[in-house]
Amino acid sequence: MNLSKPLIMANKLKMTTRVSPIIIALDYSDTSQALSLIDQLDPIRCQVKVGKELFTLAGPQFIRALVNRGFKIFLDLKFHDIPNTVARACTIAAELGVWMINVHALGGKTMLIAAREALAQYSQAPLLTAVSLLTSVDSTTLKQIGLSGTIEENGLRLAQLAYESELDGIICSGLEAPLFRQSFGRNFLLVTPGVRPVGTQSGDQKRVLTPKQAMTNGSDYLVIGRPITQAKNPMGVLEAIELEINTEIKL
Ligand code: C5P
């Protein structure tokens, strides 16, 4: 597989580490199901994301076990709280040895800076990313919560907060990736959920793109859950995605 894109910035030290652009979302409510997929995965082929569902079920011990098995973990707990609480939570996440964590940009600049400063003490700090707008949010949701402006305007404003707070990147829809790449340059990571290979169901995701479209639009990492985890043949889907991306990424 050609993994050239994430070579450009792979970690805080901006070292060139060869990593896959694929992050598999382990959204399971049963640890044994998660482990059964993990047993089939090679940490070189993907990172894995543990979110609120599995973390609430299996906790930090499970994270440590995955780290010990050589997986790069994106701990997707989307912290959003007062700055002090978020900073403390980031510190504890860093001590688990995870590769990436995230916070909500909606928490504001003081909270974002507190998160970043909390990680400054670690030589091997996790990448710190922010959620701009959830990919399940559409214009109806924006109206419901009282945010004026378009999805793009709100997403850009929130991403700008993360950029100005010197976070490592943003979680964004692949549809926003071209604008964000243009606005924030090459060194700001774009991590994209809402990815759906052709022929798979969108589910609750509203702003979806295929893996190929998202990579073409400038995403560095693709977060893919149900298309792989709910597939009859998860490894077959992973392989198909690798091939799809491979046809698009140029050396
Ligand atoms: O199953 P699916 O591919 O939709 O999973 C997407 C994953 O990415 C889920 O774990 C979800 O929590 C996460 N996510 C998201 N949108 C964001 C941030 C994270 O869908 N903005």
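## Ligand contacts

A backbone N or O atom of Arg226 lies 2.7 Å from an oxygen atom of the ligand, which falls within the limit for a polar contact (a pair of N or O atoms within 3.5 Å; within protein, one must be able to donate a hydrogen and the other to accept it, and residues adjacent in sequence count only if both atoms are side-chain atoms). The protein covers 88% of the 470 Å² of accessible area that the ligand has on its own; such areas come from the Shrake-Rupley method with a 1.4 Å probe, and for residues, only the protein chains shown count as cover.

This is a predicted model, in which local features need pLDDT of at least 70 and side-chain atom pairs count only at pLDDT 80 or more, while totals for chains, interfaces and linings use all residues. Residues are numbered from 1 along each chain as its sequence is written, and side-chain values use heavy atoms, with hydrogens and water left out.

Side chains also reach the ligand: a polar side-chain atom of Asp27 lies 2.6 Å from a ligand oxygen atom, and one of Arg196 lies 2.7 Å from an oxygen atom of the ligand.

## The surrounding shell

The ligand is surrounded by 18 residues, the closest being Asp27, Lys49, Arg196, Gln205 and Arg226 (a residue is near a molecule if one of its heavy atoms lies within 4 Å of it). By class, this shell has nine nonpolar, three polar and six charged residues; Asp, Glu, Lys and Arg count as charged, Ala, Val, Leu, Ile, Met, Phe, Trp, Tyr, Cys and Pro as nonpolar, and the others, Gly among them, as polar.

At least two shell residues come from each of strand 3 (73–79), strand 8 (221–224) and helix 9 (226–229). Helices (H or I, at least four residues) and strands (E, at least two) are DSSP runs, numbered from the N terminus.

## Salt bridges

The structure holds seven salt bridges (a side-chain nitrogen of Lys or Arg within 4 Å of a carboxyl oxygen of Asp or Glu). In one of them, the side chains of Asp76 and Lys49 meet at 2.5 Å, N to O. This pair links distant parts of the chain, since Asp76 belongs to strand 3 and Lys49 to strand 2 (residues 47–51), 27 residues apart.

## Backbone angles

Lys78, in strand 3, is not a glycine, yet has a positive phi of about 40 degrees.
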